[in-house]
Amino acid sequence: MLDQTTLVEKDRKHLLHPLHHPSAHEAPLVIESGHGVWLRTVDGKEYIDGLAGLWNVLVGHGNTELAEAAREQMTNLAYTSNYIGAANIPAIELADRLAGFAYPNLNTTYFTSGGAESNESAFKTVRFYWKRQGRPNKVKIIARQHGYHGVTLATMSATGLTAYWKMFEPRVPNFLHVPAPYPFRFEGDIKPGETIGQAAARALEEAIVREGADTVGAFIAEPVQGAGGVIVPPDDYFPLVREICDRYDVLLIADEVITGFGRTGEWFALDRWGVQPDIMSFAKGITSGYLPLGGIQVSDEIHDVILNAPPTERWMHAYTYSGHPTCCAVALKNLEILERDGLVERAGQMGARLLDGLKTLMEFPQVGEVRGLGLMGAVEFADRETKAPAGIGPKVQQACLERGLFIRALGDILEIAPPLIISEAEVDQMVDILAQAIIAVTGE
Ligand SMILES: Cc1ncc(COP(=O)(O)O)c(C=O)c1O
């Protein structure tokens, strides 16, 4: 068994990490095993996995049913391509299982290996769709500030967090951003009598009109913005967005990479507002992160356009691992577990408990706002009046770590999204650690 020091030495020499910088890797957690919501490091410390890996480990760590599903499929058939003219059984079964599962109008799935590949596939499908409709200029994608859609070149250009752009610009043309429906710090203009939801939706409409509806192919949005700070939109926002997209012939892409498969307490989050997208991107939770799998689901209308194209204008898009049999077999088992164990309802119940707990942190003046939906929660440190950031997020994150809670911070926003199997006592323990960490940092 290798010790922490040797492993970290090798890591520093040979491993490039996502968002790499050595200053952020001085004392990394080297995680050896996981069980339920708990992670164990090589040096024997235990932590609550407060972000469920990266929002994805819905059924928790150490699930032997998923491991067994993978073993069974691997020993039966390792891999075949799913390129047109061939197929494997788990991919067919999973596509069938997913037909109409999220939204009644989405009955067709294309599989990918993750979120960015899903959004790339969505953007290309938008182009394809409008070209086949004889409207090839509809190539612009409107996204939102604080949105996260991945960091390949095109998805980075859709991502509305500018830190991801800086060292990789110029961005891909034809992506633009409108203000997010961010109640705590809305960055657009609000007309007298308007709600924030209405103002944010109007910003989308104004962008479409300004750019010319003939040039705008789609609007992409996470139902609850995740990596950008767990931004829960007001209830009137998405119904208005749907109306605007319809009015201007703009496709609506729901990026449900985090929200899909139960995290918000609904199977899929736009459902909460009675809205259906034209394309939905998913990944993460579909396998609970046990294997990489993502995909897009397209509307029946888009599917028809793909089916009716002549062979020379086919939907010429592909990934080697589209419909990987083992990933699909694990996804099927994961869906069975989520359903059988009532984990989506559990996300709603535990989410309500988490939010109640987070609200108690408002006793600290440094906490500007707490918010959440289902098991997606956030604490934002800021002045409640001026909204000026308090500048303590990373310190509180570190203090949480020292007390056994592993979470991530986006500057002054702590993001909390544990596995859906979390117990009442573990939710309370997370809140307790957060309170202790804030006390340790602020001296309150
Ligand atoms: C909403 C959303 N979309 C897309 C992505 C990108 O997914 P991946 O990292 O699998 O490419 C993420 C990743 O966190 C995400 O949160």
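Which residues surround the ligand? I started there and listed Gly114, Gly115, Ala116, Asn119, Tyr148, His149, Gly150, Glu222, Asp255, Val257, Ile258 and Lys284.

Before going on, I noted the ground rules. This is a predicted model, in which local features need pLDDT of at least 70, side-chain atom pairs count only at pLDDT 80 or more, and totals for chains, interfaces and linings use all residues. Residues are numbered from 1 along each chain as its sequence is written, and side-chain values use heavy atoms, with hydrogens and water left out.

**Ligand shell**

I sorted the shell by residue class and got four nonpolar, five polar and three charged residues. Here Ala, Val, Leu, Ile, Met, Phe, Trp, Tyr, Cys and Pro count as nonpolar, Asp, Glu, Lys and Arg as charged, and the others, Gly among them, as polar. Helix 5 (residues 115-132) gives the largest share, three residues. Helices (H or I, at least four residues) and strands (E, at least two) are DSSP runs, numbered from the N terminus.

I then looked up N and O atom pairs with the ligand. Gly115 has a backbone N or O atom 2.8 Å from an oxygen atom of the ligand. Asp255 places a polar side-chain atom 2.8 Å from a ligand nitrogen atom. For Lys284, a side-chain N or O atom is 3.0 Å from an oxygen atom of the ligand. The ligand taken alone exposes 390 Å², and the protein buries 79% of that; the areas come from the Shrake-Rupley method with a 1.4 Å probe.

Most residues other than glycine have a negative phi, and most peptide bonds are trans. I went through the exceptions.

I found a cis peptide bond from Glu169 to Pro170, with omega near 10 degrees. Pro170 is in the loop between helix 6 (153-158) and strand 6 (175-178). Asn174 lies in the loop between helix 6 and strand 6, and has a positive phi of about 75 degrees although it is not a glycine. Buried means under 20% relative accessible area, exposed over 50%, and partly exposed in between (1.4 Å probe, protein chains only).

Asp249 also has a positive phi, near 55 degrees. I placed Asp249 in the loop between helix 8 (237-247) and strand 8 (251-255). At 35% relative accessibility, Asp249 is partly exposed.

**Val37**

Is Val37 buried or exposed? Val37 is buried, with a relative accessible area of 1%, and sits in the loop between strand 1 (31-35) and strand 2 (38-41). Leaving out residues up to four places away in sequence, I found that Val37 touches Tyr47, Ile48, Asp49, Pro419, Ile421, Ile422 and Glu426. Contact means heavy atoms within 4.5 Å.

**Strand 15**

In a regular strand the side chains alternate between the two faces of the sheet. I checked strand 15 (residues 413-416) and found both faces covered, with Ile413 and Glu415 buried on one side and Leu414 and Ile416 on the other.

Strand 12 (residues 376-381) runs antiparallel to strand 15, joined by four bridges; two strands pair if DSSP finds at least two bridges between them. Gly377 has Ile416 as its bridge partner in strand 15. Strand 14 (residues 408-410) is also antiparallel to strand 15, with three bridges, and Arg408 stands opposite Glu415. The hairpin of strand 14 and strand 15 has two residues between the strands, and Gly411 there takes a positive phi near 60 degrees.

Terms used
Near = heavy atom within 4 Å. Polar contact = N/O pair within 3.5 Å; in protein donor to acceptor, adjacent residues only side chain to side chain.
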